[in-house]
Amino acid sequence: TAASTLQCQLAGNRIGGVGGRIADALGATGLQTNSFSLAGVATWPQGQRTDVSIVDRSRGVPRLTQYDSMKDVITGIARTQHKNIYCEEYVNQFAAAIDSSERLGGLLENATLTTSYPTQGSRIGEQLQQVARL
């Protein structure tokens, strides 16, 4: 964790990672920033104000298969007041994850590359292909 946060004296990841903090600083100047992880949940790209979008190296951004039919249910869950701080945070994270997945997945779904990448059996090839799509 210390390598991800560049804060050896502080335990945990509550300060965010160095990549996320850089995005926070750039965002504070008015620039639009995004942070992505191709390695799952990670500390390095997480900021205090910058959230991370997770992109799978081979599938891109997985989307909820039945989103259109479940949209009203998801909205209902997200608008319900649960009167429990843990439930509220879970619902907020749930709604944010669904929204992010749908928004980014929709953009990447239409992305076409003019360069072909040799991804067969190559983890780094798959990751670089997703980076190119972003």
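These legends go with a handful of close-up views of a predicted model.

View 1. Leaving aside residues up to four places away in sequence, Ser 35 touches Pro 45, Thr 50, Asp 51, Val 52 and Ser 53.

**View 2. A salt bridge between Arg 59 and Asp 56.** The model has five salt bridges in total, and this view picks out the one that pairs Arg 59 with Asp 56. The closest N and O atoms of the two are 3.8 Å apart, which is inside the 4 Å limit for a salt bridge. Arg 59 is exposed at 60% relative accessible area, while Asp 56, at 25%, is partly exposed.

**View 3. Arg 63 reaches Glu 109.** Zoom in on the side chains of Arg 63 and Glu 109 and you'll find them meeting in a salt bridge, 3.0 Å from N to O. This pair ties together distant parts of the chain, 46 residues apart: Arg 63 comes from the loop between strand S2 (52-54) and H3, and Glu 109 from helix H4. Arg 63 is partly exposed, with 32% relative accessible area; Glu 109 is exposed, with 56%.

View 4. The Asp 99 and Arg 103 side chains form a salt bridge at 3.6 Å, N to O. They are four residues apart in helix H4, so about one helical turn separates them. Asp 99 is partly exposed at 45% relative accessible area, and Arg 103 is exposed at 52%.

View 5. Leu 64, Met 70, Val 73 and Ile 77 together make a nonpolar surface patch of about 290 Å². One of them, Met 70, belongs to helix H3 and is partly exposed, with a relative accessibility of 33%.

**View 6. Lys 83 and its positive phi.** Lys 83 lies in the loop between helix H3 (67-79) and helix H4 (85-109). Its phi is near 60°, a positive value in a residue that isn't glycine. Lys 83 is also exposed, with a relative accessible area of 81%.

Note on methods. Residues are numbered from 1 along each chain as its sequence is written. This is a predicted model: local features need pLDDT of at least 70, side-chain atom pairs count only at pLDDT 80 or more; totals for chains, interfaces and linings use all residues. Side-chain values use heavy atoms; hydrogens and water are left out. Helices (H or I, at least four residues) and strands (E, at least two) are DSSP runs, numbered from the N terminus. Buried means under 20% relative accessible area, exposed over 50%, partly exposed in between (1.4 Å probe, protein chains only). Patches are made of residues with over 30% relative accessible area and no salt bridge: like charges are joined within 9 Å, nonpolar side chains (Val, Leu, Ile, Met, Phe, Trp, Tyr) within 5 Å. Accessible areas come from the Shrake-Rupley method with a 1.4 Å probe; for residues, only the protein chains shown count as cover. Contact means heavy atoms within 4.5 Å.
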